[in-house]
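The following exercises concern a single protein structure.

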Amino acid sequence: MSEAFYVRDGDCFLPTELTRGPWDPDSQHAGPPAALIGRALERCEPPTGAQVARVTLEILRPIPLAARLSVEASVVRPGRSVELLEARLLDGERELVRARAWRLRTQAVALPSDLPEEHAPPGPEQGREVAFFPTGQEAGYHTAMEVRFVAGAYRENGPATAWMRMRHPLVAGEEPSPLTRVLVAADSGNGVSGVLDYRKYLFVNTDLSVHLHRPPAGEWVCLDAVTYPTPDGIGLSDTALLDERGRIGRAAQTLLVRPRGEESA
């Protein structure tokens, strides 16, 4: 069993079986690549006292398990308070994911004392582990992440609230950052809250947008998720992101909804 989602090979990253997704045994779950992009964005000309407040990833094609990945990141709109960053995930010359992010400088601001208080859901210690969708694979994203549901379950159609944390580092030998902990989990909104029978339908996301007003504290990230499919074959997954103190942000995914065997790129 691998000990990390990715292993460094020079300037590139080699995926391990822990990145394997549930739809295709030869493709990665989008969570680990999203986190790998987040890692690059954080390290791109990092200023003092700034954080990524929004990142949007466009998933251009399936991300192969047998890939040699590289990440390019740059500041395309510098600023004293707000910066726009771009990143690309590549397999050789082939672009797999394109991302843009806003990075904001932090500053102490005196706020009124009567603002609404944050409310956290029941904690992970009150959750339960439930069986993942059968994938036919012994190792993958489904074994690399610890998941505890406090409402709903993988194979219970409808909204769900699930706590998630990484069992392994993103990159071998590195401690995951708060941003990578969020991004590796946030892409699971449509998985935890699916409303269609996964044996009959695919509901694959074409993108992922994550807004964060503060980074998570601790290892656990909570997804309070709802999925909305339509008869037109398009859906939306809407996910509140929380830690054990309360709300930290929101994630959204555009979904391609198809009967199994009839999907198209």
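**Exercise 1.** Which side chain does the side chain of Arg181 join in a polar contact?

*Solution.* The model is predicted: local features require pLDDT of at least 70, side-chain atom pairs count only at pLDDT 80 or more, and totals for chains, interfaces and linings use all residues. Residues are numbered from 1 along each chain as its sequence is written, and side-chain values use heavy atoms, with hydrogens and water left out.

Step 1. A polar contact is a pair of N or O atoms within 3.5 Å; within protein, one must be able to donate a hydrogen and the other to accept it, and residues adjacent in sequence count only if both atoms are side-chain atoms.

Step 2. The partner is Glu175, and the polar contact is 2.9 Å.

Step 3. Glu175 is also among the residues that Arg181 touches (heavy atoms within 4.5 Å). Others on that list, which leaves out residues up to four places away in sequence, include Met166 and Val221.

**Exercise 2.** Determine whether Arg181 is buried or exposed, and describe the helix that holds it.

*Solution.* Step 1. Buried means under 20% relative accessible area, exposed over 50%, and partly exposed in between (1.4 Å probe, protein chains only).

Step 1. Arg181 has 10% relative accessibility and therefore counts as buried.

Step 2. Arg181 belongs to helix α3, residues 178–186; helices are DSSP runs of H or I with at least four residues, and strands are runs of E with at least two, numbered from the N terminus.

Step 3. Because eight of the nine residues of α3 are buried, the helix is largely enclosed by the rest of the structure. Among them are Leu179, Val182 and Ala186.
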